[in-house]
Amino acid sequence: MSSKLEDVSDPTVSNTPNPSEGEPSIGPALREVRRRRGLSLQQVALATGISKSFLSLVENGTNDITFGRLRRLIDLYGIDIADLLPVQSSTETAVRRSDRKKLYSPADGIDIYLASPDTRGDLLAGIAHLAQGSAMTEDATHPGDEWVHVTSGVIDLVLDHGVTTVRLQAGDSAYLRAGRAHRFGAPTEEQAEVITVLAQGSRWRPSSETH
């Protein structure tokens, strides 16, 4: 191993999403869990109300999935979303932009990437890219606290099932206690980037409540 200090900065890299930033990992992981459960696509479709053709596209990584549909699947399989993340055991400190892995898209125009070198550590970091005007339509909750920081653009952080909306601009942060329902979107005519950090490797899970 080299004794040189790691250079984690790269001033030539912009915040613009790179199409080559990893491939979605949720779909193939869902397929593997379904097969381990001994379920066919038809059985899952009947149990969840999600069409067989759509499930096939998701599992093949050619279609994204919303929080609501993902919730139905993970509830059926008896798992949590962290079980679908790529298991990594890394001694690396830096996560290069070119090495980011796309997790999934909770809504049209929103892509979430893994920003942690190890998915089983005490902290689980993610980077969300939001296209202008994009917004999550369903709330998310998780068992650990979450820190949110806006690196570019503007987002609306909607809390408590729509009771409160907090507008955050570049440089602003928010701290969410475990179990607090929230969703976010980019309300202006510009893209936004958000860093999220979940405590204790907590699982990024959709809210099970209906509203």
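**Exercise 1.** Describe how helix 2 and helix 4 pack, giving angle, distance and handedness.

*Solution.* Step 1: helix 2 covers residues 41-48 and helix 4 covers residues 67-77; helices are DSSP runs (H or I, at least four residues) and strands are runs of E (at least two), numbered from the N terminus. Step 2: the two helices pack at an angle of about 110°, with their axes 10 Å apart. Axes are lines fitted to C-alpha atoms, for helices over the stretch in contact, and angles run from 0 to 180 degrees between N-to-C directions. Step 3: this angle makes helix 2 roughly perpendicular to helix 4 (65 to 115 degrees; under 35 is roughly parallel, over 145 roughly antiparallel, the rest oblique). Step 4: the crossing of helix 2 and helix 4 is right-handed (near helix turned clockwise from the far one by less than a right angle; left-handed if anticlockwise).

This is a predicted model: local features need pLDDT of at least 70, side-chain atom pairs count only at pLDDT 80 or more, and totals for chains, interfaces and linings use all residues. Residues are numbered from 1 along each chain as its sequence is written, and side-chain values use heavy atoms, with hydrogens and water left out.

**Exercise 2.** Give the strand order of the open sheet and identify its edges.

*Solution.* Step 1: the six strands run in the order 1-2-3-10-5-8, with antiparallel pairing (a pair needs at least two DSSP bridges). Step 2: strand 1 and strand 8 (173-176) each have a single partner strand, so one side of each lacks a neighbour in the sheet. Step 3: neighbouring strands of this sheet are turned by 25° against each other on average, direction ignored.

**Exercise 3.** Trace the pairing of strand 1 with strand 2, and the burial of strand 1.

*Solution.* Step 1: four bridges join strand 1 and strand 2 (residues 110-114) in the antiparallel sense. Step 2: Lys101 has Leu114 as its bridge partner, and Lys102 has Tyr113. Step 3: two residues lie between the strands of this hairpin, where Gly109 takes a positive phi near 85°. Step 4: in strand 1 (residues 101-107), six of the seven residues are buried (under 20% relative accessible area with a 1.4 Å probe, protein chains only; exposed is over 50%, partly exposed in between).

**Exercise 4.** Which strands pair with strand 10, and over how many bridges?

*Solution.* Step 1: strand 3 (residues 123-130) pairs with strand 10 over eight bridges, in the antiparallel sense; Gly126 is partnered by Thr196. Step 2: strand 5 (residues 146-152) pairs with strand 10 over six bridges, also antiparallel; Trp147 is partnered by Val197.
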